[in-house]
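Hello,

Here is the structure I promised to pass on. Please take a look, then read my notes below.

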Amino acid sequence: IFVTGQLTYGAASSSFAVERSTSDISASSRLLSVSAGAGYHWAFWSRYYAAPVLRVGYQSGNITLSYENLLTKPVDLDGQEVSKRAFTANAPLLGFGAFGGYRMNETLAAEFHTEYELLFFSNRVSAQVFFGLAMTMGLE
């Protein structure tokens, strides 16, 4: 049995076409999550291992839309032009995952990770699926 902690930071940006406009709007997002969990490490076939893991935590994120490039900008309820809009989303999270790997020596291993993460917002539940490859360091 093992315990784990995870701190995750993500950032992304992109541009999107706007109907009836020659200019694009830009969007950026950032997220930060912190979680803790527990799992069971199962070793087999000499250097191979697998482990299911359960995590609980909290995620905070935002998305910002920039209308700076548009000739005609959207307006707010007061009729004022808006050059940016920011949306935030914060939610508790629950993650179910597993990883498996091959220990190359006492400190280095190559791993495959997969995880299903649920985010509990006030009006809905959202899900994300992650897959990844990693080189990890640790003592066995």
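Which residue in the turn between strand 1 and strand 2 has a positive phi? That residue is Arg-20, with a phi of about 65 degrees. Keep in mind throughout that this is a predicted model.

**The hairpin**

Strand 1 and strand 2 form a hairpin, and six residues sit between them. Strand 1 covers residues 2–17, and strand 2 covers residues 24–39. The two run antiparallel. They are joined by 16 bridges.

**The largest pocket**

Next, the open spaces. The largest pocket holds about 720 Å³ of space. It is lined by 31 residues. Closest to its centre are Thr-4, Gln-6, Phe-99, Glu-111 and His-113. By type, the lining of the largest pocket has 10 nonpolar residues, 15 polar and six charged.

**The second largest pocket**

The second largest pocket has a volume of about 310 Å³. Its lining consists of 18 residues, and those closest to its centre are Leu-31, Gln-59, Gly-61, Ile-63 and Ala-89. Strand 1, strand 2, strand 4, strand 5 and strand 7 each supply at least two lining residues here. Strand 4 gives the most, with four. The lining of this second pocket splits into eight nonpolar, eight polar and two charged residues.

**Arg-55**

One more residue to look up: Arg-55, in strand 4. Is Arg-55 buried or exposed? Its relative accessibility is 4%, so Arg-55 counts as buried, the cut-off for buried being under 20%.

What does the side chain of Arg-55 meet in polar contacts? One partner is the side chain of Glu-115, at 2.8 Å. Another is the side chain of Gln-6, at 3.5 Å. Gln-6 is also one of the residues closest to the centre of the largest pocket.

Now set aside the neighbours of Arg-55 within four places in sequence. Arg-55 is then in contact with Gln-6, Ser-35, Ala-36, Gly-37, Leu-93, Leu-94, Gly-95, Glu-115 and Glu-117.

Over to you.

Best wishes

Terms used. Residues are numbered from 1 along each chain as its sequence is written. This is a predicted model: local features need pLDDT of at least 70, side-chain atom pairs count only at pLDDT 80 or more; totals for chains, interfaces and linings use all residues. Side-chain values use heavy atoms; hydrogens and water are left out. Two strands pair if DSSP finds at least two bridges between them. On a 1 Å grid over the protein atoms alone, a cavity is a set of points where a 1.4 Å probe fits but cannot get out, and a pocket is an open set with protein on both sides within 12 Å along at least five of seven lines; lining residues have an atom within 4 Å of a point. Grid points are joined across faces, edges and corners, and a volume is the space filled by probe spheres set on the points. Ala, Val, Leu, Ile, Met, Phe, Trp, Tyr, Cys and Pro count as nonpolar, Asp, Glu, Lys and Arg as charged, and the others, Gly among them, as polar. Buried means under 20% relative accessible area, exposed over 50%, partly exposed in between (1.4 Å probe, protein chains only). A polar contact is a pair of N or O atoms within 3.5 Å; within protein, one must be able to donate a hydrogen and the other to accept it, and residues adjacent in sequence count only if both atoms are side-chain atoms. Contact means heavy atoms within 4.5 Å.
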